Structure formats: C-alpha cells, structure tokens
Amino acid sequence: MTQFVTRQENAPETAPGLREFTADWSGDQEAFRHVHWGKAMMWIFLLSDTFIFSCFLVSYMTMRSSTTVPWPNPSEVFALNIGGQPIPLILIAIMTFVLISSSGTMAMAVNFGYRRNRKVTGALMLATALLGASFVSMQAFEWHKLIFEEGVRPWGNPMGAAQFGASFFMITGFHGLHVSIGVIMLLIVASKVARGHYDRAGDYSAVEIAGLYWHFVDLVWVFIFAFFYLW
Amino acid sequence: MNDHPVDIAQHPVATTEGHTHPIGVYLKVWGYLFVLSTMSYLVDYFHFEGVMRWTLIITFMLLKAGLIIAIFMHMAWERMALVYAILVPPLVLLVLVWMMTVESNYTFWTRILFLHGGD
C-alpha cells in the first residue's frame with residue numbers, strides 16, 4: 001500500500017482516475033492468495049473453455065428439440081457388432097472407462113510430483129498420455145465407421161434428423177482436439193519431469209497445472225456422454 | 001470423506017505444494033467413477049425411458065462431475081475465493097439453456113405449422 005502511494009506521488013503525469021483504475025485491477029494479484037499464478041490462470045482458461053463447450057452443447061440441445069424429424073437413436077448408431085450381436089454404445093463405454101482411468105493415473109501423478117518422486121510421476125504421466133492416445137484412436141475409429149459405413153455427414157444422414165452429423169462432428173471433434181493437445185502437453189511435461197527439470201526448479205506445479213487441464217477434458221466427456229450419447 | 005487427513009480448517013493454505021493425500025483417496029474416487037459410469041451405461045442398456053432415464057443420467061453425470069472437480073482437480077482444498085470465481089460464473093449458462101429452450105420450442109411449432117409438418 002505504501003509502495004502504491006509513493007508511486008502515485010512520483011507519477012503526476014498520469015490521470016488520477018486511470019491510476020486508480022490500474023491500482024484497483026492490479027490489486028487482483030492478491031485475490032487468489034497462496035495459489036500458484038499458473039494454476040489460477042489455468043482455472044480461468046478452463047472457465048472460458050467451459051463456456052465454449054456449453055455453447056456447443058446448448059446449440060445441440062436447440063437443434064435436437066427444434067427438429068420435427070426423429071433424432072437418430074445414439075444407442076443404435078454407436079452399437080458395435082461383437083460375436084454377431086449388436087452391443088449398444090459399447091465403444092463409447094470403453095472410451096469412457098479409458099478416459100476415467102487416465103484421469104486416475106493423472107491424479108496420482110500430481111500426488112507423486114508433490115512427493116518429489118520423479119520416476120513414478122513421469123511413468124504415471126506417460127501412462128496417462130498413452131490412455132489419452134488410445135482414446136483418440138478409438139474416436140478416429142468411430143468417426144471412420146460413421147463416415148464411411150453409416151454415411152453420416154454434417155449436412156445429413158440416413159438415420160434421421162440432418163442436424164445429427166453437425167452436432168456430432170462439432171462436439172466430439174472439438175473434444176478430441178482437446179484430448180490430442182492434452183496428450184502432447186502431457187508428453188512435454190513428462191519428459192521435463194524425467195529429465196529432472198522440476199527437481200532443479202524446486203517446483204512441481206507444472207504437473208498439477210497439466211493435470212487440471214487433463215481432468216477438465218475428462219469432465220467435458222462426462223457431459224458429452226450424458227447429453228449426446230445417453231440422452 | 002470423513003477419513004480424509006487434510007482438513008481445510010486445520011490447513012488453511014493446504015493448496016500450495018507440500019500437501020500429499022494418501023493415494024488411496026484417488027483409487028477410491030477412481031472406483032466410484034467406474035461404478036457411476038457403469039450405472040449410467042446400464043441406464044441405456046436396460047432401456048430406461050422418459051423422466052426416469054433423464055433423472056438417472058443427470059444424477060450420475062452430476063455425481064461424476066462433482067467427484068472429478070472436488071477430488072481430482074483439488075477444488076475441495078482450494079481457497080473459497082478461487083472456488084467461487086470458477087464455479088459461480090457457469091451458472092449463468094442456465095439462462096442460456098432456458099432462452100434456447102423457448103427459442104427451439106418456437107422453431108419447432110413454426111416448422112409444424114408452416115412447413116408441412118417439418119422437413
């Protein structure tokens with residue numbers, strides 16, 4: 001506070017109103033006390049991302065409830081033939097379990113990071129990245145099946161309401177993009193962990209921040225699973 | 001989570017590094033998430049329909065989301081200032097949902113009345 005007062009005296013050329021404005025807003029650095037700045041920023045980014053995904057999900061809701069043509073039944077569209085018998089939504093269920101598992105390994109990686117256990121942290125992050133990569137592969141398989149076998153397009157499909165394809169590709173595509181970026185980020189942070197970068201810096205916050213992003217990707221999938229696949 | 005070793009009242013700044021929860025907490029939550037996912041899958045598998053289906057789906061969804069945010073993302077141990085800054089703003093989305101419900105209802109009936117029953 002005293003620092004602020006002296007600075008104000010030394011800068012008479014600035015308009016007092018503007019000075020007050022910047023002082024008030026820069027006071028925000030005290031708003032999240034004892035929170036790593038990177039973590040606070042990641043949370044704010046995730047908040048903005050929440051709004052982006054919500055826009056997609058709300059527009060999907062709008063399209064689905066305004067169409068007069070029946071919506072394709074996701075339970076049948078995403079069924080897989082295993083042993084000559086269609087099992088509903090099975091691939092989506094497996095993808096869900098894979099993503100949840102990756103969240104579990106990530107949570108433990110953060111924990112071991114704070115225990116400064118370099119090897120286990122690195123290994124768990126690598127496991128998380130591998131699970132994430134397998135999730136994206138399964139999604140690629142699902143897209144391939146839908147585009148080339150079922151003939152789903154963003155502007156129409158043989159099963160029902162034309163809006164189905166547009167919402168499906170937009171929502172799962174944007175989520176898949178997030179997973180892919182997450183895998184790359186995890187691999188970068190994991191390699192830094194393995195090389196002892198955070199031991200030297202004495203700060204394992206980067207692992208927790210990467211973890212926040214990864215759990216968010218899992219969180220978004222929870223909502224997509226409920227609203228798009230199960231509804 | 002009564003058996004949790006880190007309590008907010010005892011450790012007001014427990015969110016900075018140095019706090020280590022036992023791994024068992026994460027394994028337990030992992031297990032809960034598996035069970036909840038299985039249950040929401042079974043909602044589809046056993047063809048629950050109508051209000052029952054929607055209630056079950058939303059309940060399991062909110063429980064899963066809560067576990068992920070509170071435990072995996074450590075929100076349960078964050079400072080109140082951060083928790084409110086992140087969790088309150090998304091509530092305005094409910095207004096968007098309400099407005100778009102009204103809008104889509106209007107679109108639906110416009111299509112029924114003026115577009116020969118749809119298409």
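Q: Which percentage of the contacts in chain B with a separation of 6 or more comes from residues 24 or more positions apart?
A: This is a predicted model, in which local features need pLDDT of at least 70 and side-chain atom pairs count only at pLDDT 80 or more, while totals for chains, interfaces and linings use all residues. Residues are numbered from 1 along each chain as its sequence is written, and chains are lettered from A and ligands numbered from 1 in the order in which they are written. Two residues are in contact if their C-beta atoms, placed from the backbone, lie within 7 Å. Within chain B, for contacts with a separation of 6 or more, the share from residues 24 or more positions apart is 47%.

Q: What is the order of elements in chain B from the N terminus on?
A: Helices (H or I, at least four residues) and strands (E, at least two) are DSSP runs, numbered from the N terminus. Chain B has 4 helices and 0 strands, and the order of its elements is α-α-α-α.

Q: Are α1(B) and α2(B) roughly parallel or roughly antiparallel to each other?
A: Their axes, lines fitted to C-alpha atoms over the stretch in contact, come within 10 Å and cross at roughly 165 degrees, where angles run from 0 to 180 degrees between N-to-C directions. Angles under 35 degrees count as roughly parallel, over 145 as roughly antiparallel, 65 to 115 as roughly perpendicular and the rest as oblique. The two helices α1(B) and α2(B) are therefore roughly antiparallel.

Q: How many nonpolar residues does the contact of α1(B) with α2(B) have?
A: The contact includes Leu36(B) and Met39(B) of α1(B), together with Phe60(B) and Leu63(B) of α2(B), among others. Ala, Val, Leu, Ile, Met, Phe, Trp, Tyr, Cys and Pro count as nonpolar, Asp, Glu, Lys and Arg as charged, and the others, Gly among them, as polar. Beside 1 polar and 2 charged residues, the number of nonpolar residues in this contact is 14.

Q: Which elements give two or more residues to the side of chain B that touches chain A?
A: The contact between the chains takes 42 residues from chain A and 48 residues from chain B. On the side of chain B, the elements giving two or more residues are α1 (23-45), α2 (50-72), α3 (80-87) and α4 (93-114).

Q: Is Leu124(A) buried or exposed?
A: Leu124(A) belongs to helix α6 (residues 118-149) of chain A, and, leaving aside residues up to four places away in sequence, it touches Thr105(A), Met108(A), Ala109(A) and Phe112(A). A residue is buried if 20 or more other C-beta atoms, placed from the backbone, lie within 10 Å of its own, exposed if 12 or fewer, and partly exposed in between. Because 24 other C-beta atoms lie within 10 Å, Leu124(A) is buried.
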